[in-house]
Amino acid sequence: MTVTRRNRGKLSPARLGPRDVLHVGAAGLRSRPVRVVLSSLGIAIGIATMIAVVGISASSQAQLLRKLDALGTNMLVVTPGEEMFSGQDTKLPETAPGMVGQIKGVEQVGATGDVDHSARRSEKIDEDETNGITVKAAQGKLLETLRGTMRSGSWLNEATGRYPSVVLGHVTARRLGVTEPGQQVFIGGRYFTVTGILDPLPLAPEIERSALVGWDAAEQYLGFDGHPTSVYERSADGTVDAVRELLAPTVNPENPQAVAVTDPSAALQAKAATEGAFSTLLLGLGGIALLVGGVGVANTMIISVLERRHEIGLRRSLGATKGQIRVQFVAESLLLSGLGGLAGVALGAAATAVYASSGGMPWVVPPWAVGGGFGATLVIGTIAGLYPAVRAAHLSPTLALQTA
Amino acid sequence: MSTHEGLIGSAATSAATSTSASSSASASVRTVVELHGVTKEYAGGVAALRGVDLTVAEGELLGIVGPSGSGKSTLLHIVGTLDRPTAGSVAIAGHDISRLSDRALSALRAQHIGFVFQSFHLVSGVSARDNVAEGLLYSGLSRAERSRRAAEALDRVGLGDRMKHRPHELSGGQKQRVAIARAVVGEPDLLLADEPTGALDSASGEAVMALLHDLNQDGATIAVITHDTEIAARLPRQVRIRDGQVVADVGNAPVSDVGNEPMSDGTRCVAP
Ligand SMILES: Nc1ncnc2c1ncn2[C@@H]1O[C@H](COP(=O)(O)OP(=O)(O)OP(=O)(O)O)[C@@H](O)[C@H]1O
Ligand SMILES: [Mg+2]
């Protein structure tokens, strides 16, 4: 007997190319579309939650930053500080606004002075019912300095500033029930005609709650002493720090400690920072959904391996190595969770878009969140697929082929 | 494998109840399968095979027959390297499988062995051509080449006009011919079929067997398990198995093989 031991070189299995891996990995999915959708749903919900949580807080933050940009961070407010020794409230000199205007870099100056009267809708209402509203005298370019806008009517001018006219902050108008210019407000024993109502002023909430009368009118009709309580100034961006140093000594050279300087945008900046910090609780919920989704994928994969015993046996008989069977099922699991991840990213981005557009916010989905979320699904897909894949690879080919 | 070689092969060894008869064959005939004292015991003490010796030369067409539970499938699995024997030696296409790793066995199957099953095992929802191309997936050939060869193989089994049909659009016999195309598309040295006609009506079974005869004429080495005595009778060589042992290994005169008249002792002379 001639046994020709022809050695045809080493027996080594051929490699499966990436396209072939994708092909075998997708083979099990193509035939069961409904199952694919259902089992990747968990992952999709998890990723969508996480993307939406991060996206919504990023959008809110972006909106605040945009607002801050519009309002500017170059406005400072000068107010009386505490007298060091007596603890009494001090007053700013009458000349304060003019002196602030002299400082190099200062572009706009405005001032308000508190008037000791309440604003009421009519004389029949008790004087002590202030509604939290203060009456202030306004001077200079207050509106420009605050970058404020009128909701209706017009700002005080040379003429109206001398007569009993008043401009209301939007909170004041709401509390007094004033809806349009031309209506009257009772201040200090006489009626003032409303000439305008302001839009919200995020940098000066105290003015939102004020009734503003002209400087001269306040002195003439309301016994105002002419001392400003707040001086608002806006300077060129690069000069803010230098101006801040000079404000107190300029306003009160003898007693700079009796002057306080604040930056109203600082509070908004701090708020923007906290808006950016998303809710870890919601993120955690998304994480749990993701985990449950991963378990769902693992479950589907185990069933898939059980159902496709014949296919596994067939592939082994066609020459697939254990490794190639493993790769096939890990690829299938990755595809399953990857599809869920993609759907989740799309869903989360869409939810963010809906929220952002309903709140007039810019639509922001941070790329790191998308990358991180998708990366997480791939890790979960690998872990979920590994055990079923190892089981599939260890299936005896003869048992797998048995027609039972 | 050329047609000529195939004929010599079947003539040279089909006679052999004794291995000595085939040793007179020309040195150019390769041995594809060589089993010595192969035993297979399953857990629980079932001895499915008990000392089987079997030699199959290139170009043979043999039937493996025997009662249910006699060990035919077990034998085919061991010859097909899907399973390892408990004892004994197995050499397939010149490779001693006891010395091969699982990876190497996979490569051996990919390059040298084709399987046909009673229940076809086609991938549902996938065209006939793609099902056949799947037979080359682990061969390392390019996608385009696999598809081209799959079309050729389908033509070869007479299904050139059914390339795009999916399994549920094919008859049982056609499905089995697709499965055969998948098994032979890689031009294996050995084609193993476990009751390929078992799930078919007699007409379809005839067609499948005719195809196997055809492939054998073209040089393929084929081992077929069958329960059908009529089918078995028409095969050039029959190996009878009972209780895990080879009880007979007889050669028949091939029906259409005019050039090789059987000799008086049942051994045919070798065509020069
Ligand atoms: N995985 C297994 N574990 C245990 N015993 C097995 C296993 N596979 C087969 N057997 C036993 O081995 C013996 C031979 O089985 P085999 O499948 O080879 O028979 P067969 O000749 O192919 O029968 P049939 O014609 O019915 O297909 C039987 O007794 C069977 O019960
Ligand atoms: Mg059997």
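1. Ligand 1 sits between chains A and B. Please keep in mind that this is a predicted model, where local features need pLDDT of at least 70, side-chain atom pairs count only at pLDDT 80 or more, and totals for chains, interfaces and linings use all residues. Residues are numbered from 1 along each chain as its sequence is written, chains are lettered from A and ligands numbered from 1 in the order in which they are written, and side-chain values use heavy atoms, leaving out hydrogens and water.

2. Among the 14 residues around ligand 1 (a heavy atom within 4 Å), those that come nearest are B:Ser68, B:Gly69, B:Lys72, B:Ser73 and B:Thr74.

3. Oxygen atoms of ligand 1 lie 2.5 Å from a polar side-chain atom of B:Ser68, 2.8 Å from a backbone N or O atom of B:Gly69 and 2.7 Å from a side-chain N or O atom of B:Lys72. The protein buries 66% of the 630 Å² that ligand 1 exposes when taken alone (Shrake-Rupley method, 1.4 Å probe).

4. In chain B, β7 (residues 190–194) and β8 (residues 222–225) run parallel, joined by four bridges. B:Ala193 stands opposite B:Val224 in β8(B).

Definitions and conventions:
Pairing = 2+ DSSP bridges. Helix = DSSP H or I, 4+ residues; strand = E, 2+ residues; numbered from the N terminus. Polar contact = N/O pair within 3.5 Å; in protein donor to acceptor, adjacent residues only side chain to side chain.
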